[in-house]
Amino acid sequence: MKRFTAYSLRVVLYLFLVAPLLLFVAYAFSTRWFFPQPFPVEWTMTTFQRALNDSRTLSSMAQGLWIASLVSILSLLLALPAARVLGLRKFRGRQLAWLLLFLPTVIPPLAIGMGLNILFLRIGLAGTIAGVVLVHIIPTLPYTIFTLSSSFARFDENYEFQALALGASPRQIFLKVTLRMMTPSLVVATLFAFLISWSQYLLTLLIGGGQIITLPILLFSAASGGNPSTIAILSLLFVAPPVLVIAFTARQLNQHGNEIREQY
Amino acid sequence: MALPPMRDKFIFSPWISLAPALTIIMVLLGASLFYAVAESVGYINAIGQTQVSFDAYRATLDPSSEFWTSLGFSLWVSIASTAASSAIALALAVWLSERSGNMDTLALNWNLAFPHLVWSVALLLFLSQSGLFARWAASFGLISTTADFPVLVRDRFGIGIILSYIGKEVPFLAITILSVLRSQSVGYDVVAENLGANRWQRLRYVTIPQVLPALLAGSLLVFGFIFSSYEVPALLGVGYPRALPSLALRFFLDPDLRARSEGMVISLIITLIVLVVAVVSLRMGERKE
């Protein structure tokens with residue numbers, strides 16, 4: 001009996017976790033599913049194909065991918081030197097640096113976006129890819145730095161000195177020793193910077209000003225009054241990259257997951 | 001880990017490495033704060049208004065203003081979601097910790113794949129009056145028309161919003177608690193059991209004190225996040241009463257640029273509350289170590 005309770009509780013938990021995906025699939029690939037039919041009766045691919053051929057959907061995905069790629073590369077470049085000294089050095093003001101870098105994780109995106117709106121309008125960054133990339137870096141950078149610095153904290157610099165002693169050039173040391181040893185956390189940090197940017201709604205809305213349309217913006221407006229099939233298809237397209245990334249990085253997640261998940 | 005001082009001399013100041021990241025964060029946050037404060041006191045250059053006044057603060061804090069309704073609504077939603085999530089997460093984590101298996105942690109992480117926006121959309125498709133559950137209720141003969149189904153999303157009490165947050169935050173908090181429970185090397189629980197403590201006593205005097213600091217710090221983080229986020233209440237809420245972030249954004253997007261000042265005042269108040277909560281949460285996290 002006890003084992004049965006445990007078993008059914010676990011089934012409930014797992015069902016709860018996959019239910020959204022099943023629901024989206026049911027709505028996305030069915031047609032003429034009228035109230036009160038409990039399950040779809042007619043399955044079809046046409047709605048999905050039509051959505052995929054829709055230029056608005058496609059361009060929003062392309063724009064989102066492009067922005068998220070730029071954001072993750074830039075966050076990585078900015079985070080790498082900072083994470084290195086935070087992970088490896090003890091210096092006066094280290095605590096202060098941590099605190100300042102921690103700020104963007106608590107200050108609401110609402111306040112950041114509203115505050116920057118007029119400035120970006122004035123300097124011509126509002127409604128541009130560059131402007132949106134710049135504000136997306138605010139939420140991604142702290143997480144990239146946290147992930148990389150916790151990995152640098154376990155990094156042994158003596159490998160670099162060893163390579164130096166053996167006559168390697170600084171470039172060779174960086175590429176063949178440092179980067180090589182940091183690869184797993186670099187991958188995790190990049191992927192999560194990508195995801196945070198990919199799913200950003202409010203900052204894109206406030207800085208993109210209706211000219212930069214990404215998938216979350218389309219999904220939000222569809223959800224405020226569109227038909228269920230469209231909503232489900234957009235949701236599926238929206239969660240496809242995260243689902244792939246989570247499946248891909250499942251192992252590393254046990255280490256870094258909770259640092260990232262709150263913002264996400 | 002302290003490094004020999006000599007080695008540090010070879011390497012230039014850490015602040016040079018920190019400069020790019022710190023500059024970008026500080027410039028953007030600083031500019032955002034500066035403009036928010038300037039606009040909240042009515043200094044909006046775009047419409048040639050350069051007179052500083054505290055009218056927006058007075059209007060916002062006026063006893064008859066919608067601000068108070070929204071503050072109450074936001075507090076209700078945030079406190080209810082946080083409390084329910086913490087309780088469920090605690091039960092779930094304790095239950096899971098008594099069983100082995102990394103599978104469960106992986107399963108909980110799966111939840112990460114669904115941003116709050118998508119999770120709310122799913123809830124909308126499940127719980128609306130023509131949603132999946134309404135269809136099931138109808139086919140069991142429990143209701144006959146869509147209007148018979150209870151209003152669970154876009155309702156006046158924020159039930160949909162609370163449910164949405166519970167669904168997202170329970171896995172988050174459960175993983176936080178689980179990692180504390182699994183990191184205990186000594187089986188205090190077993191010791192207590194050998195000393196004759198029953199199941200309830202073990203939970204009350206051993207497990208809960210162990211996880212309480214982490215749980216409280218996590219809950220405060222969750223509270224701050226919920227209190228300041230826009231998407232979920234905008235999607236699953238109603239026009240009145242509306243959450244504080246929705247109210248701020250409505251003022252902000254008002255065609256009348258003077259309304260922006262009130263939006264900024266509300267946004268600054270939200271930020272202030274969230275910052276205070278974050279500081280308390282940070283203190284609690286420190287005490288743990």
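Me: How many helices and strands does the secondary structure of chain A come to?

Reply: The model is a predicted one. In it, the secondary structure of chain A comes to 12 helices and two strands. Along the sequence, their pattern is α-β-β-α-α-α-α-α-α-α-α-α-α-α.

Me: What box do the C-alpha atoms of chain A fill, and what percentage of its residues count as buried?

Reply: Taken along the principal axes, the box is roughly 75 × 65 × 35 Å. Of the 264 residues of chain A, 42% count as buried. As for contacts in chain A between residues at least 6 apart in sequence, 74% of them join residues at least 24 apart.

Me: Which residues meet where helix 6 of chain A and helix 2 of chain B are in contact?

Reply: From helix 6 of chain A come A:Ile137, A:Ile138, A:Leu141 and A:Ile145, and they meet B:Ala21, B:Ile24, B:Ile25 and B:Leu28 of helix 2 of chain B. The residues of this contact divide into eight nonpolar, no polar and no charged.

Me: Which residues touch the most other members of the largest nonpolar core?

Reply: The general idea is that, in soluble globular proteins, nonpolar side chains tend to be buried together. In this structure the largest nonpolar core has 142 residues, of which A:Ala79, A:Ile145 and B:Ala174 touch the most other members. Leaving aside residues up to four places away in sequence, A:Ile145 touches A:Ala79, A:Ala82, A:Ala83, A:Leu86, A:Leu101 and B:Ala21.

Me: A:Leu101 raises the matter of helix 4 of chain A. Which of the residues of that helix are buried?

Reply: In helix 4 of chain A the buried residues are A:Leu101, A:Pro104 and A:Val106.

Me: What covers the buried residues of helix 10 of chain A?

Reply: The buried residues of helix 10 (residues 215-223) of chain A are A:Leu215, A:Pro216, A:Ile217, A:Leu218, A:Leu219 and A:Ala223. Their cover includes helix 3 (55-88), helix 9 (202-208) and helix 11 (228-248) of chain A, together with helix 6 (116-127) and helix 11 (231-236) of chain B.

Me: How many residues of helix 6 of chain B are buried?

Reply: Helix 6 of chain B is mostly covered, with 11 of its 12 residues buried. Among them are B:His116, B:Trp119 and B:Ser120.

Me: Why does B:Gly141 count as exposed?

Reply: B:Gly141 counts as exposed because it has 8 C-beta neighbours inside 10 Å, and a residue is exposed at 12 or fewer. B:Gly141 is found in the loop between helix 7 (132-139) and helix 8 (159-183) of chain B.

Me: What is the phi of B:Arg154, and where is its place?

Reply: B:Arg154 has a positive phi of about 55°, although it is not a glycine. Its place is in the loop between helix 7 and helix 8 of chain B. B:Arg154 is partly exposed, because 18 other C-beta atoms lie within 10 Å.

Me: Which residues does a cis peptide bond join?

Reply: Such a bond joins B:Tyr240 and B:Pro241, with omega about -5°. B:Pro241 lies in the loop between helix 11 and helix 12 (244-252) of chain B.

Methods. Residues are numbered from 1 along each chain as its sequence is written. Chains are lettered from A and ligands numbered from 1 in the order in which they are written. This is a predicted model: local features need pLDDT of at least 70, side-chain atom pairs count only at pLDDT 80 or more; totals for chains, interfaces and linings use all residues. Two residues are in contact if their C-beta atoms, placed from the backbone, lie within 7 Å. Helices (H or I, at least four residues) and strands (E, at least two) are DSSP runs, numbered from the N terminus. Ala, Val, Leu, Ile, Met, Phe, Trp, Tyr, Cys and Pro count as nonpolar, Asp, Glu, Lys and Arg as charged, and the others, Gly among them, as polar. A residue is buried if 20 or more other C-beta atoms lie within 10 Å of its own, exposed if 12 or fewer, and partly exposed in between; C-beta atoms are placed from the backbone. A nonpolar core is a set of buried Ala, Val, Leu, Ile, Met, Phe, Trp, Tyr and Cys residues joined through C-beta atoms within 7 Å.
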